[in-house]
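Okay, everyone, thanks for coming. Let me put the model up, and then we'll walk through it together.

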Amino acid sequence: MTISKSTLRGSNRIKENDKRRIVDETSRKRRHRKIMELLESDNYHDDPHADLVMSKKIPKFDDNLEHRNTRTKKKERTTEYYQFKYRKNFQQLVDEDRAEAELNKRVSYMDIQCEESPLPPRHFCAVCGFLGQYNCLSCGTRYCSIRCMDTHMDTRCLKWAA
Amino acid sequence: MFKSKRRRTSGAMDSKPAKKESIEAIIVDSGAYSIKAGLSSIKKPNVIPNCIMKAKSERKRLFLGNQINDCRDCSGLYFLLPCEKGYITKWDVQKPVWDYVFSHNVCPINEKPVIMTQPLFNFKSIQDCMDEIFFEEYEVPSMFRLNPTDLGRLKYIEDNNFTQDVPCIIVDTGYSFTNIIPYINGNKYLRGIRRLNVGGKLLTNHMKDIISYRQYNVMEETFVINQVKEDTCYVAKNILEELKVAAKSGSENTIVKNYVLPDFNNIRRGYIQDSSDLSRKEYEDNCQILRLNNERFIVPEILFHPSDIGMKCMGIAEAVVKSIYSCPNEYQEELCKHIILIGGNCNFPGFKERMYNELRSQLPHSWQVHVFQPKNPVSYNWEGGSSLLKVPDFKTYMVTKAEYEELGSTIIQQRFNTWMIDNSEIKEETREKEEILSYLDNLKDKSVFGKQEPGENVSKTDSDESDTNIQTSDGNMNNTGQNVSDENNQDSLCHNSETDIGSKLKKTQLKTNENATETLDEFYLEEEECEDLRNSVDLFPLGNGSYL
Ligand SMILES: [Zn+2]
Ligand SMILES: [Zn+2]
């Protein structure tokens with residue numbers, strides 16, 4: 001821990017800190033995974049009109065292809081048809097790709113993922129965004145000052161989630 | 001690359017002899033965020049959001065692509081996106097959007113050939129579905145698929161009048177990820193490719209999160225915050241200097257801006273408030289205003305240091321260096337002369353300059369470094385479609401509907417997937433070059449500002465020196481490293497004791513720009529002298545890939 005005693009002397013928080021349960025590495029990793037999922041998500045809220053079904057509301061494919069004489073009714077397909085026939089989640093796709101790549105000795109999607117940087121990570125205060133040189137004793141979150149520490153303790157500190 | 005694989009089918013389109021006729025085709029760069037589509041004969045593509053949106057205010061309809069322009073109130077928009085990490089997984093979203101794009105509303109196919117992009121290593125079942133939709137339902141007469149950067153490379157080569165074997169490296173930083181792809185002898189050199197899982201989507205979501213934590217809850221306002229990002233964010237030249245300015249108060253802080261959020265009444269798109277414009281003042285007093293300070297540059301900074309948010313992944317510039325060193329020795333120096341930046345994230349002001357500075361300082365002194373960013377980094381790949389059509393005999397490489405029916409998806413996909421590919425292994429000797437990076441080991445376990453991490457016993461001054469060395473290795477960033485070694489650096493950041501940083505920054509900027517232009521001139525001069533060579537080389541993307 002990089003907390004300097006001199007900076008924090010006189011703060012009541014430090015006494016609280018001593019008693020605080022330290023959140024283990026597993027929970028910290030779980031939190032990080034959750035954050036990464038959030039950063040990948042399309043929406044934060046629920047569909048406001050979940051009842052609005054797409055295929056019924058969207059006008060049909062309406063360009064002149066429709067009126068082409070070679071075109072038969074048989075060739076028109078609903079979106080559900082494709083969704084059903086080609087339904088695979090991302091992980092399935094990646095796994096299939098990896099297996100096929102191994103077989104054919106080619107580079108796969110997973111192979112091109114970037115390595116970790118040899119540079120040391122930089123640390124920013126989770127509260128205000130400026131450089132943060134202290135770690136929260138409980139959960140490891142970075143902060144820069146007593147003020148930001150207090151905010152962190154009152155809001156996003158993992159002690160609440162644990 | 002087609003070698004023996006290419007088979008002709010009777011009656012397809014092989015009756016005509018090879019000649020330089022102009023083909024008109026539909027060019028479609030189908031990205032995870034937007035679809036760029038249009039006839040090859042037009043200059044600019046239609047750019048259509050690749051999504052379906054639902055608005056809180058409109059209970060009865062969905063908005064496909066650019067129909068969102070008809071939506072009165074865009075607050076709390078709900079997104080249906082077809083892609084996951086850049087790859088199509090939701091066909092119930094993708095199909096209706098494509099139906100819309102290829103209808104008379106945007107760009108009808110009208111029995112024209114279709115050139116379509118697909119992401120690197122596009123998965124087999126996604127390609128199967130694309131085949132079925134385009135050949136069977138849309139009944140395209142012929143089609144070709146390739147990676148978006150293949151088009152970008154062709155455009156770069158054509159615009160600069162280079163020969164097809166000029167090596168180049170394309171940095172494509174988009175919505176879902178950032179790909180770094182070296183092209184050698186016209187082929188993607190697979191062992192050199194790198195991907196960062198950082199794209200515009202992650203940046204917008206991160207911005208939503210920090211604004212929601214610090215100011216208003218905007219977690220449901222992806223649409224608006226994406227615009228805030230586009231309107232206010234920039235890439236810092238040097239983050240420590242930038243943080244110092246952002247820590248100042250009053251007029252000395254030139255970074256902090258107020259952003260007037262849209263109310264979808266009189267303001268449809270938010271904007272940075274101009275405090276001197278009093279005419280708007282009264283109205284703005286009743287608007288919600290975001291105060292943006294270090295967020296403006298901390299957000300794009302994730303591209304350069306994904307570790308800022310705990311991702312175990314190197315930054316975009318480091319990854320370019322890594323990619324170059326993963327290529328065969330004899331091409332590395334040449335690759336540095338042709339670094340092409342494309343994709344939406346290039347639109348952050350300062351992006352190109354930062355890339356140049358970082359690459360310049362990380363690559364060997366004696367190598368020329370030239371970074372090119374097109375005027376429109378979003379549509380550049382699409383624009384390459386017309387370059388593709390000029391490839392001699394290109395028409396014969398397209399897959400016709402008859403060929404699809406006769407040969408089936410697996411065989412035609414091989415044609416698409418082996419285009420411009422080099423899957424060869426690297427020679428052992430190349431590894432030596434990586435040692436240039438070994439200075440980085442000295443920095444291990446130390447934080448940016450030269451402080452030791454607990455548990456390490458390397459002396460502090462050591463780290464500061466190496467830090468400064470990296471930044472000044474090319475002599476154009478003399479000012480940037482100085483304060484890092486300042487014992488009280490941290491305190492000064494917090495207490496605003498620094499003065500005249502603004503002018504200092506300006507100076508650095510000027511110097512760097514000068515340097516960039518210099519390099520550019522040198523570069524073009526040399527290219528002119530090489531003209532003879534250009535005419536004698538006759539390799540093309542379709543040439544066979546193995547040069548080792
Ligand atoms: Zn703070
Ligand atoms: Zn905490």
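Cys139(A) and His152(A) are both buried, where buried means under 20% relative accessible area, exposed over 50% and partly exposed in between, with a 1.4 Å probe and protein chains only. Before I go on, this is a predicted model, so local features need pLDDT of at least 70, side-chain atom pairs count only at pLDDT 80 or more, and totals for chains, interfaces and linings use all residues. Residues are numbered from 1 along each chain as its sequence is written, chains are lettered from A and ligands numbered from 1 in the order in which they are written, and side-chain values use heavy atoms, leaving out hydrogens and water.

So what do the protein donors of the zinc ion (ligand 2) look like? They're Cys136(A) (SG), Cys139(A) (SG), His152(A) (NE2) and Cys157(A) (SG), 2.0 to 2.3 Å from the zinc. A donor is an N, O or S atom within 2.8 Å of the metal (3.2 Å for Na, K and Ca), and water isn't among the atoms, so sites may look incomplete. The spacing in sequence is C-x2-C-x12-H-x4-C. Here Cys139(A), in the loop between strand S1 (134-135) and strand S2 (142-143) of chain A, and His152(A), in helix H7 (residues 146-154) of chain A, link distant parts of the chain, 13 residues apart. Helices (H or I, at least four residues) and strands (E, at least two) are DSSP runs, numbered from the N terminus.

Now the zinc ion (ligand 1): its protein donors are Cys125(A) (SG), Cys128(A) (SG), Cys144(A) (SG) and Cys148(A) (SG), lying 2.3 Å from it. Their spacing reads C-x2-C-x15-C-x3-C. Cys125(A) counts as buried because its relative accessible area is 2%.

On to the two chains. The contact (heavy atoms within 4.5 Å) takes 74 residues from chain A and 101 from chain B. Across that interface the rule finds 11 salt bridges, each a side-chain nitrogen of Lys or Arg within 4 Å of a carboxyl oxygen of Asp or Glu. Arg194(B) makes a salt bridge with Glu115(A), with the closest N and O atoms 3.1 Å apart. On the side of chain A that touches chain B, helices H3 (25-40), H4 (54-57), H5 (79-85), H6 (90-104) and H7 each supply at least two residues.

Last stop, chain B: why is helix H5 (residues 222-232) of chain B largely enclosed by the rest of the structure? Because nine of its 11 residues are buried, among them Phe223(B), Val224(B) and Ile225(B).
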